[in-house]
Amino acid sequence: MNDVADPENLADLVIHMSGVGVRRGGNKLLADLDWSVELDERWVVLGPNGAGKTTLLKLAAAELHPTTGAVHVLGDRLGRVDVFELRTRIGFTSAAVNGRIPPEEKVRDVVVSAGYAVLGRWRESYDELDTGRADELLTALGIGHLGDRSYGTLSEGERKRTLIARSLMTDPEMLLLDEPAAGLDLGGREDLVARLSTLALDAEAPAMVLVTHHVEEIPPGFTHVLLLAEGRTVAAGLLDDVLTSGNLSEAFGQELVLERSGDRFFARRR
Ligand SMILES: Nc1ncnc2c1ncn2[C@@H]1O[C@H](COP(=O)(O)OP(=O)(O)OP(=O)(O)O)[C@@H](O)[C@H]1O
């Protein structure tokens with residue numbers, strides 16, 4: 001077990017949160033949260049609506065500061081670091097990012113522009129090297145043929161995959177995915193889960209944190225789970241230890257049965 005109080009050990013952690021609370025108005029969005037993510041770990045953050053999952057991910061993305069406690073991201077403490085520089089090292093995909101993409105933008109440019117936005121440059125035509133990398137990422141996500149299409153014409157599943165390609169474009173040290181399978185049909189979900197599983201099992205891939213409401217969406221290869229309810233940790237640690245019927249029931253406030261089939265999970269009410 002790492003002594004996380006030791007600054008040398010903090011350098012090995014992509015996320016470290018200690019005694020973290022977030023308050024807005026009279027609401028406690030998060031309270032007393034301790035959490036660490038190491039370089040080679042892939043975490044699922046699971047919990048019911050309103051549990052605080054997105055708030056937690058925004059802290060990790062350096063998009064929000066805690067009201068109390070300390071958050072270290074990629075070795076730097078929020079509040080003592082240039083968050084604009086820090087964000088260039090983080091890949092972040094969420095519904096909010098989706099809403100900011102102009103529908104007429106070409107899919108390839110949606111991916112390539114990630115690199116240019118963070119560098120603060122602008123050019124009419126992108127480097128061949130960059131467009132080549134964008135095409136490679138789109139192909140790896142199964143949508144290499146859509147590079148010339150406009151973003152607005154894509155299906156929901158194709159958009160999700162485009163945004164994941166975009167968040168990988170800058171070679172981030174950490175990948176944060178907020179409900180990547182939301183709104184997908186069964187086939188789209190299964191396809192995305194398989195692609196994320198490939199990524200999770202790739203030793204070269206960055207540390208990953210995936211937020212979801214559904215155990216069915218946990219891609220094989222994810223190693224750890226943080227169960228959240230009402231802004232507090234219900235349980236956190238290795239997936240095999242933490243993902244149990246008991247913990248799930250506690251997090252979702254009803255008697256649930258968790259079933260495992262191979263490397264996938266299913267849950268239903270008891
Ligand atoms: N700016 C704010 N002011 C007051 N309350 C807020 C604010 N932002 C979020 N909340 C509340 O904090 C709680 C946690 O929100 P958050 O979006 O982090 O939850 P979540 O687990 O991601 O939920 P969901 O699964 O529904 O997306 C919710 O009850 C939400 O209404």
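Trainee: In what order do the six strands of the open sheet stand?

Mentor: This is a predicted model, in which local features need pLDDT of at least 70 and side-chain atom pairs count only at pLDDT 80 or more, whereas totals for chains, interfaces and linings use all residues. Residues are numbered from 1 along each chain as its sequence is written. Strands (E, at least two residues) and helices (H or I, at least four) are DSSP runs numbered from the N terminus, and two strands pair if DSSP finds at least two bridges between them. The pairing in this open sheet is mixed, and the six strands follow the order E6-E7-E8-E3-E9-E10.

Trainee: Which strands stand at the edges of the sheet?

Mentor: An edge strand has a single partner, so one of its sides is left without a neighbour in the sheet. This applies to E6 (90–93) and E10 (232–238).

Trainee: What is the average twist from one strand to the next?

Mentor: Axes are lines fitted to C-alpha atoms, for helices over the stretch in contact, and angles run from 0 to 180 degrees between N-to-C directions. From one strand to the next, the twist averages 15 degrees.

Trainee: Which residue in E9 stands opposite Val45?

Mentor: Strands of a sheet pair through backbone hydrogen bonds, either parallel or antiparallel. E3 (residues 42–46) and E9 (residues 224–229) run parallel and are joined by four bridges. The residue that faces Val45 from E9 is Leu226.

Trainee: How many bridges pair E9 with E10?

Mentor: Leu227 stands opposite Ala235 in E10. The hairpin of E9 and E10 has two residues between the strands, and Glu230 takes a positive phi near 50 degrees there. The pairing of E9 with E10 is antiparallel, and its bridges number six.

Trainee: How many residues of E9 are buried?

Mentor: A residue is buried if 20 or more other C-beta atoms, placed from the backbone, lie within 10 Å of its own, exposed if 12 or fewer do, and partly exposed in between. E9 is mostly covered by this criterion, its buried residues numbering five of six.

Trainee: Within what arc do the buried residues of H10 fall, seen down its axis?

Mentor: In H10 (residues 245–252), the buried residues are Asn247, Leu248, Ala251 and Phe252. The arc is that of the directions from the helix axis to the C-beta atoms. The four residues named line one face of H10, because their arc is within 120 degrees.

Trainee: Against which elements do the buried residues of H10 pack?

Mentor: Contact requires the C-beta atoms of two residues, placed from the backbone, to lie within 7 Å. Just after H10, Gly253 has a positive phi of about 65 degrees. The buried residues of H10 pack against E3, E9, E10, H9 (239–242), E11 (256–261) and E12 (264–269).

Trainee: Which helix gives the most to the shell around the ligand?

Mentor: A residue is near a molecule or strand if its C-beta atom, placed from the backbone, lies within 6 Å of it. Of the 13 residues around the ligand, Arg24, Asn49, Lys53, Thr54 and Thr55 come nearest. Both E2 (27–38) and H2 (53–60) supply at least two residues of the shell. The most, three residues, come from H2.

Trainee: How many residues of the shell around the ligand are polar?

Mentor: Ala, Val, Leu, Ile, Met, Phe, Trp, Tyr, Cys and Pro count as nonpolar, Asp, Glu, Lys and Arg as charged, and the others, Gly among them, as polar. The shell holds two nonpolar and two charged residues, and its polar residues number nine.

Trainee: Is Asn49 buried or exposed?

Mentor: Asn49 lies in the loop between E3 and H2. Since 7 other C-beta atoms are within 10 Å of its own, Asn49 is exposed.

Trainee: How many C-beta neighbours inside 10 Å does Ala62 have?

Mentor: Ala62 lies in the loop between H2 and E4 (68–73). Its phi is near 60 degrees, a positive value in a residue other than glycine. Ala62 counts as buried, because its C-beta neighbours inside 10 Å number 22.

Trainee: Which residues does Thr162 touch, not counting those up to four places away in sequence?

Mentor: Thr162 belongs to H7 (residues 156–168). With 28 C-beta neighbours inside 10 Å, Thr162 is classed as buried. Beyond four places in sequence, Thr162 touches Val107, Val110, Val111, Ile143, Tyr151 and Leu154.
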